[in-house]
Amino acid sequence: MSDLPVSAAISSPRLYRGHIREAIVDRLERRLGRNLATASRRDIYDALVLAVREELTDRWLATWRRANEARVKRVCYFSMEFLLGRSLINALSSMPPLVLAETRETLRAMGHDLDAIAQEEEDPGLGNGGLGRLAACFLDSLATLGYAAIGYGIRYDYGIFQQQIARDGSQRELASSWLQWQNFWESGRGGVRYRVRFGGQCQSERNSAGRICHHWIETQDVWAIGYDFLIPGNQGPSVNHLRLWSAEAITPFRIEHFNAGNYAAAVAEQIDAKNLSRVLYPDDTTPQGKELRFKQQYFFVSASLQDMLAQHLANGSTLAELPKLVAIQLNDTHPALTIVELMHLLVDEHAVEWDLAWDITRRTCAYTNHTLLPEALETWSIHLFERLLPRHLQIIYQINRDFLEQISQRYPNDMDRRRRMSLIEENGDRRVRMAYLSVVGSHQVNGVAKLHSQLMRETIFSDFAQLWPERFTNVTNGITVRRWLKQANPGLSQLLTEHLGSAWENDLEELERLKWAIDNADFRQRFRDIKQTNKLRLAQTIAELIGVDVDPRSLFDVQVKRIHEYKRQLLNLLHVVVRYQRILDNPQQVVVPRTVIIAGKAAPGYVMAKAMIKLINKVAYTINRDDRIGNKLKLCFLPDYDVSLAQEIMPAADLSEQISTAGMEASGTGNMKLSLNGALTIGTLDGANIEIKDAVGDENIFIFGMNAAEATALRARGYSPMAIVNQNPELKRAIDLLESGHFTPDNLADAKIVTDRLLSDGEHFLVLADFVSYLEAQDKVDALYSDQDAWSRKAVINTLSMGPFSSDRSIRDYADRIWNIKPVL
């Protein structure tokens, strides 16, 4: 018998070069109980995941040993969404050079294809759009740059819904199945659980030292169970983690009810608890939905803060040291209850004096605002607080009293200012203003693009910016080049690496060194060939998804994002209808063939967004089956848009539609992904479009429409869509065709609900106001695309100008200006 320790004697082969097959077979047989000869593709996937995760675990443990020994400050990133995408290729890519290539070759020798194996993984449905994808990019950059960080969120059983398009073109929501198989990427942290409380009542008493103590009693409690996903840095030693909370009942099964025949009551507590972590963004058009969202937000911040404090104290640190050793970042207003819960834990659970607790809280927390839309600046009813979080309401009232006293001292007798800035909205149903709470309780507040940050200071937070001008800053969003170029576009990645080496993977500004290639005809030709290969792949995917054959030589015109009126998918649709009419009017005219690709999900309760999806599909059905049109024009709505589908679309796009109403898009990161992959932007002066324009040059982007100031002025003067329609015969024909039933013969209302909104006086998103300018810009697109080499030159410029839009740069800005952290390598 071996004299090695048992653990060493039975240790598994490692995923090192030359031993990859051995590592896979070992996990397959010993962990999964499968035989290689009969193993399914799913079995191979699971075995490979187990081997990869064990490698990452070693790096993870080493990362946190170094962080704890060095006592470095760590980031706790709080977000309701983390849109991760698939993990296998990402993890293999993060490992030492050639591991990915050798894994691919090893699997091929075993009769399997790595890309097919990777598709066994379901996209985790933990996010809806840009907010969640940004959070995922930031976690990737934090690990790659060597910063100690933990992401905190909810482990949604079903996540964001799976989108299906019904026969009538409407969106149907189905439960996501991302957890239908055992998920070997996560580790269930059975020992990491915290009690989260709701309801009950508050009692106060004065202790022997004369201090008033508050007790929150008779509560209804649930467990928050932690699950960890490992987040590897690219080609480096650091691995961080994302900790997600799943809810369970304290007593999941009541046997006395079961034995009495009351089977529903026996599991009622477990059902109620599990609802907290079932679905991302439950429909809040009902009182029950509103309450569930509120409870979700508190559930995740309470568990996360308890975990954060437990780790902090376990390291031997004091609570007074918290701002020096921890930075909490609130990703939008959803985690705003962090401010109040941290005060509750410090004051009530750890007996910290109020003033010190407030100083600790404010210096630890920072807040990122992502929107200027009123509906996204959450407010919660006082009644919800009274019933579900009564102690927290007392804390909010105390914070508000202290804050309003500060306002009165600064602005004596200005009662209107006190009313405007109060954390409590007093009009009608009294409500807590969560965005204001985030501003008051944070030491820094940032917007996510230069224009957005400026408008944030001038509009929604103008009073606060006057009071604390030093508190407001800008950090422009960014994207992780590892996923959106290295993995999504291997052809272009190889071309860049041939000329630059691999340094660009961790420093996107290295692309500047390749600017000479803009004028190199051979480089432009290879760039075009790579784009064409990507378009062929996407054309095949389109045929598989929706049964429409598109011409890969046509201009791929892409608008992929959440469906919302301010993003103006309807402006795009109107252009498609006008283009359709032009082709029918002049069938012999030579036109630039165009494939218009739209994808995105509508919130289940957003009636107009769902009506937009239905109308887009109705129009697509008619155009795509009109033999008079052929391949001159196709309209494709791709269902169930997620990260994996995005990784196919972005590299194939020729034109990037970033056409939101000026002043409404906070930043946009889809614009960055598309530009990085060589798409030209057609867009308004909104969000990060402005900074992209400055980076690529005015001549290499198609800007149209009003700016934010002009849009505001038009609303103030009074916006009349009908006046615009009556002045533009082509626009009138398009709307008349929509309303005629040409695209909606079975139900005229399918178009009328949309056109009525477009034509209503004061329509907030000013869709028709930009129509003429948009069509002029689209005509310029056609003219340029007719000269493929000229188009390619501008596409190359776009790719090589994206250095400043890396999430690595964003994280360095946060690290230097907000978090005050240093890497630990």
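1. In this predicted model, Arg362 and Asp359 sit three residues apart in helix H14 (residues 354-364), so about one helical turn separates them. Their side chains meet in a salt bridge, with 3.8 Å from N to O. Arg362 is partly exposed at 24% relative accessible area, and Asp359 is likewise partly exposed, at 26%.

2. Glu269 pairs with Arg254, the closest N and O atoms being 2.6 Å apart. Glu269 counts as partly exposed at 33% relative accessibility, and Arg254 as partly exposed at 27%.

3. Glu291 and Arg387 also form a salt bridge, with 2.8 Å between the closest N and O atoms. This pair links distant parts of the chain, 96 residues apart: Glu291 is in helix H11 (residues 287-314) and Arg387 in helix H15 (residues 382-388). Arg387 is partly exposed, at 46% relative accessibility.

4. Lastly, a helix pair. The axes of H23 (residues 521-546) and H34 (residues 788-800) come within 9 Å and cross at roughly 85°, which means that H23 is roughly perpendicular to H34. From H23, Phe523, Arg524, Phe527 and Arg528 take part; their partners in H34 include Asp789, Arg793 and Val796. By class, this contact has four nonpolar, three polar and four charged residues.

Key. Residues are numbered from 1 along each chain as its sequence is written. This is a predicted model: local features need pLDDT of at least 70, side-chain atom pairs count only at pLDDT 80 or more; totals for chains, interfaces and linings use all residues. Side-chain values use heavy atoms; hydrogens and water are left out. Axes are lines fitted to C-alpha atoms, for helices over the stretch in contact, and angles run from 0 to 180 degrees between N-to-C directions. Helices (H or I, at least four residues) and strands (E, at least two) are DSSP runs, numbered from the N terminus. Angles under 35 degrees count as roughly parallel, over 145 as roughly antiparallel, 65 to 115 as roughly perpendicular and the rest as oblique. Contact means heavy atoms within 4.5 Å. Ala, Val, Leu, Ile, Met, Phe, Trp, Tyr, Cys and Pro count as nonpolar, Asp, Glu, Lys and Arg as charged, and the others, Gly among them, as polar. A salt bridge is a side-chain nitrogen of Lys or Arg within 4 Å of a carboxyl oxygen of Asp or Glu. Buried means under 20% relative accessible area, exposed over 50%, partly exposed in between (1.4 Å probe, protein chains only).
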